[in-house]
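I hope they are handy to have beside the viewer.

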Amino acid sequence: MLGFLQRPVVVTADINLNVVALTAVGLLSRLWRLSYPRAVVFDEVYYGQYISFYMKRIFFLDGSGPPLGHMLLALGGYLGGFDGNFLWNRIGAEYSSNVPVWSLRLLPALAGALSVPMAYQIVWELRFSHCAAMGAALLVLIENALITQARLMLLESVLIFFNLLAVLSYLKLCNSQKHGPFSLSWWFWLTLTGVACSCAVGIKYMGVFTYLLVLGVAAVHAWHLIGDRTLSNVCVLCHLLARAVALLVIPVIMYLLFFYVHLVLLCRSGPHDQIMSSAFQASLEGGLARITQGQPLEVAYGSQVTLRNVFGKPVPCWLHSHQNTYPMIYENGRGSSHQQQVTCYPFKDVNNWWIVKDPGRHQLVVNSPPRPVRHGDIVQLVHGMTTRLLNTHDVAAPLSPHSQEVSCYIDYNISMPAQNLWRLDIVNRESSTEVWKTILSEVRFVHVNTSAILKLSGAHLPDWGFRQLEVVGEKLSPGYHESMVWNVEEHRYGRSQEQKERELELHSPTQMDLSRNLSFMARFSELQWRMLTVRSDDSEHKYSSTPLDWVTLDTNIAYWLHPTTSAQIHLLGNIVIWVSASLATVVYALLLCWYLLRRRRSICDLPEDSWLRWVLAGALCAGGWAVNYLPFFLMEKTLFLYHYLPALTFQILLLPVVLQHISDHLCRSQLQRSLFSALVVAWYSCACHVFNTLRPLTYGDKSLSPGELRALRWKESWDILIRKHQ
C-alpha cells in the first residue's frame with residue numbers, strides 16, 4: 001500500500017526558454033524605476049480619485065467603464081497600504097510620502113510585461129514559426145507607446161492583457177480540441193476564455209469589441225462542428241452547451257460579480273450620490289440615508305413629503321415653491337397668471353416640503369391609524385410653508401408655451417377658479433390598489449380638470465425665477481418619460497394643524513431608527529443605466545485627436561514635464577512599427593482578396609492547412625484591429641491616442657504573420673528568401689534604433705538639451721519644411 005514511498009516522486013515539465021526570457025525582459029522594461037516620476041502623470045489625476053474613494057469606501061460614479069479596472073488599481077493601493085489621503089487635483093503634483101507609487105503602478109506594469117510573452121504564444125498557437133512568434137513579442141516589447149502606458153496608473157495595458165489572454169485561451173482551446181475534447185485542459189482553456197472576455201469588458205467597455213470577435217470566431221467553429229458527421233448528435237450538443245455556458249453564462253455572472261464587489265466596497269455616501277435615485281442614495285451609509293432612515297413606508301393623507309424628480313437631468317431637483325409670483329408680463333410680451341411660482345430646486349430646502357391633503361377634508365395631519373394614499377386616488381398638494389395648493393390651468397408656461405403653467409393658487413377674487421385636484425398614478429405599481437410608498441414608488445400627478453401631467457421641462461427660469469428649473473403641466477404626453485415621474489424622498493407624518501407649529505415641524509429632522517435597502521439587482525440596474533447614460537465631458541482637449549491621426553502617428557500626448565529640468569514623458573509610438581503594421585494590414589487584405597478570387601476560379605495557391613491558418617490569423621489579428629479601431633469613427637466623444645493601443649497590439653501580431661507568409665509562399669527561390677530575411681533584420685534594427693532614440697521620452701529619466709528635443713520632434717520640423725516649400 002505504501003509502495004509508492006519507496007520510489008522517488010518525479011515531475012517533468014516542458015519549459016519554453018523563449019517564454020521565460022521574454023517574460024524577464026518584459027518585466028525589466030516595464031518595472032525599471034517604476035516609481036519615477038513621483039508625480040501625478042496625466043490621467044492618473046482621475047484614476048487616483050477613484051482609488052481614494054475605494055480606500056475610504058465612498059460611492060462614486062464613473063461613466064467611462066465598468067468597475068473592474070478601478071478595483072484592480074485600488075488593489076495595488078491596498079497592498080501598498082494607501083489610506084486614500086491625497087488631493088488629486090493637479091497633473092504634475094508631487095506625491096506625498098503616504099502614496100505608494102510603485103504599488104499603485106504595479107498591476108498595469110505587470111499586465112504590460114506579460115503581454116510580451118503572450119504575443120509570442122498567440123503567434124505560436126496560430127502555428128507559425130518560432131521566429132515569427134519571437135518577432136511579434138519583440139515588437140510588443142520595444143513599442144514605446146505600449147511601454148509608456150503600462151508604466152503608469154492607467155488601464156489600457158490591463159485591457160490589452162485580457163484581450164490577448166482571451167485570444168490565446170481560445171487558440172489553446174482550438175488546438176486541444178484536436179487532441180482531447182472535454183479533457184481537463186480543454187475545459188480549463190474554454191473557461192479561461194470566458195473569464196478573460198468578461199474581464200476585458202469589466203475593464204473598459206472597449207473590451208466588448210474583442211469579446212464579440214471571439215464570439216464570432218467561436219460561432220463559425222461551432223457551425224463547422226455541427227456539420228461534422230463524425231460526431232454524434234449528443235457530442236455536438238455537448239460541445240454547443242459547453243461553449244454557451246463558458247462564453248455566455250460565465251461572462252454574465254462575472255460581470256455581475258464585478259458590480260457586486262464594487263457595491264459592497266462602496267457602501268458610504270459620497271459626492272456622486274445626487275445623480276442616483278432616492279432609493280439608491282438611501283441604501284448608502286450617511287448622506288440621504290441619515291435623513292431617510294426609518295421614515296414611514298406608506299404615504300398617508302396628512303403626510304409631509306419632498307418630491308424628487310426621477311429624471312435627474314439637467315440636475316437632480318425637488319418640487320419647490322416660494323412666495324414670489326410669476327411676472328404679470330414676460331419679456332416676450334406674453335402674460336401670466338401672476339400666481340405663486342412652482343419650480344424644481346436642485347438643493348435641499350424647507351420650501352421643498354409639501355403636504356398630501358384629502359380634498360374632502362380640511363385637516364393637514366395624519367389620522368390614527370394613518371389612511372394610506374393608493375394608486376388612482378385624488379389628492380391635493382399643499383405647499384408646507386405657504387399653505388397654498390398646487391395648481392395648473394390653461395395658461396401657457398413661461399418658457400414652454402405649448403405646456404400649461406404650474407403654480408400655487410392665490411385667490412385674487414377674479415374669474416380664475418382654483419384647479420388643484422390631482423390623480424395619483426403609480427408607474428411601477430404591482431396592482432391596481434398599490435399603496436404610495438416612500439422612496440420606492442415612482443408616481444405621476446395627472447391633473448383632474450385638464451389631464452395635464454406634472455413635468456420637469458429642464459429649462460432654467462430667468463432671474464425672476466432665481467435660475468431654478470421650470471415645472472409645467474404637459475398635456476400632449478403620448479408616452480412615458482422620467483421627467484414626468486416623481487418619488488417621495490423625505491417623509492414624515494404631520495402632527496400639527498396650526499401653521500406656526502407645522503413650520504417648526506418642517507424644519508426639524510425625523511427621529512426614527514428603521515432601515516430599508518434595495519436589492520443588488522435593483523442597484524446594479526440603476527448604476528449600469530446611469531453609467532451608460534451619464535454625459536461625459538465632450539469638450540475639446542489640447543491633446544485630443546481623431547482616429548485618422550492614430551494610424552499615421554500624427555499626434556502625441558505630453559504626459560509629464562519635469563518642473564525644473566527638461567526631462568519629460570510623451571505618449572509617442574515607434575513610427576517604424578506603426579507604419580509597418582499598417583502596411584502589413586493592407587498587404588494582408590490585398591492578398592486575402594487575391595486568394596479568394598483565385599479560389600473562386602478553383603486555383604488554390606496555398607495548401608488547405610496553410611490557407612486555414614492564414615484565414616484564422618487574419619480573423620483574429622486583422623479582425624482584432626478592425627473591431628478595436630473602426631467603431632471610434634462612430635463615437636461622439638473626446639478621443640486620445642491611447643484609445644488606439646488595443647487595436648495596434650492586434651496589428652503588431654499580424655505583422656510577423658505577413659512577413660513569414662511572404663517568405664514562405666511568395667519568395668520563390670532561396671536567394672529571394674535570403675534577401676528578404678536580410679531586409680527584415682534591417683527593418684528590425686531600424687525599429688530598435690527608433691525605440692532607443694525615443695527612450696528618453698518613454699521613461700522620462702533623462703534631461704534633454706534643446707537640440708535633442710528638436711531632433712525628437714522630427715515630424716514638426718518636417719511639416720514646417722513642407723509648408724515653407726508650398
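This is a predicted model: local features need pLDDT of at least 70, side-chain atom pairs count only at pLDDT 80 or more; totals for chains, interfaces and linings use all residues.

1. Start at F280: R523 lies over its face, 5.2 Å from the ring centre. A charge counts as sitting over a ring when NZ of Lys or CZ of Arg is within 6 Å of the ring centre and within 35 degrees of the ring normal.

2. Residues are numbered from 1 along each chain as its sequence is written, and side-chain values use heavy atoms, with hydrogens and water left out.

3. Now the overall picture. The protein chain has 22 helices and 14 strands, which are DSSP runs numbered from the N terminus (helices H or I, at least four residues; strands E, at least two). Its C-alpha atoms fill a box of roughly 105 × 75 × 65 Å along the principal axes. Of its 726 residues, 54% count as buried (under 20% relative accessible area with a 1.4 Å probe, protein chains only; exposed is over 50%, partly exposed in between). Among contacts (heavy atoms within 4.5 Å) between residues at least 6 apart in sequence, 75% join residues at least 24 apart.

4. F59 is worth a look. It is in the loop between helix 2 (44-56) and helix 3 (68-79), and it counts as buried because its relative accessible area is 0%. Beyond its neighbours within four places in sequence, F59 touches a set of residues including L263, L266, P271, M276, F280 and L527. P271 is 212 residues from F59 along the chain, yet their C-alpha atoms are separated by 7.8 Å.

5. Which residues does L527 contact, leaving aside its neighbours within four places in sequence? They are F59, L61, F259, H262, L263, M276 and F280. L527 is also one of the residues with the most contacts inside the largest nonpolar core, together with L126 and Y559; that core has 154 residues. A nonpolar core here is a set of buried Ala, Val, Leu, Ile, Met, Phe, Trp, Tyr and Cys residues joined through side-chain atoms within 4.5 Å. Helix 8 (residues 156-179) gives the core its largest share, 14 residues. Apart from this core lies another, of 30 residues, with Y301, Y330, L390 and L424 among them.

6. Strand 8 (residues 422-426) is mostly covered, with four of its five residues buried. Strand 8 pairs with strand 5 (residues 378-383) in the antiparallel sense over two bridges, and R423 in strand 8 stands opposite I378. (Two strands pair if DSSP finds at least two bridges between them.) Strand 8 also runs antiparallel to strand 9 (residues 443-447), joined by five bridges, with L424 opposite F445.

7. For the annotation, UniProt lists residues 296-359, 370-427 and 431-491 as "domain: MIR", in an unreviewed entry. Positions follow the numbering used here, feature names are shortened, and annotations may be inferred rather than shown by experiment. In the model, the span 296-359 is 0% helix and 41% strand, and its end C-alpha atoms lie 22 Å apart.

8. Strands 13 and 14 make a hairpin with six residues between them. Strand 13 (residues 557-561) and strand 14 (residues 568-571) pair in the antiparallel sense over four bridges, and A558 has H570 as its bridge partner in strand 14. Four of the five residues of strand 13 are buried.

9. Last, the rings. The structure holds 38 aromatic pairs, where rings of Phe, Tyr and Trp (its six-membered ring) have centres within 6.5 Å; planes under 30 degrees apart count as stacked, over 60 as edge-to-face and the rest as tilted. F82 and W88 are edge-to-face, 6.4 Å centre to centre with 90 degrees between the planes. Y595 and W614 are also edge-to-face, at 6.4 Å and 75 degrees. Y595 lies in helix 17 (residues 575-600) and W614 in helix 18 (residues 608-629), so this pair ties together parts 19 residues apart in sequence. Both Y595 and W614 are buried. Ring pairs also link W550, W578, W625, Y629, F632, F633 and Y644 into a cluster.
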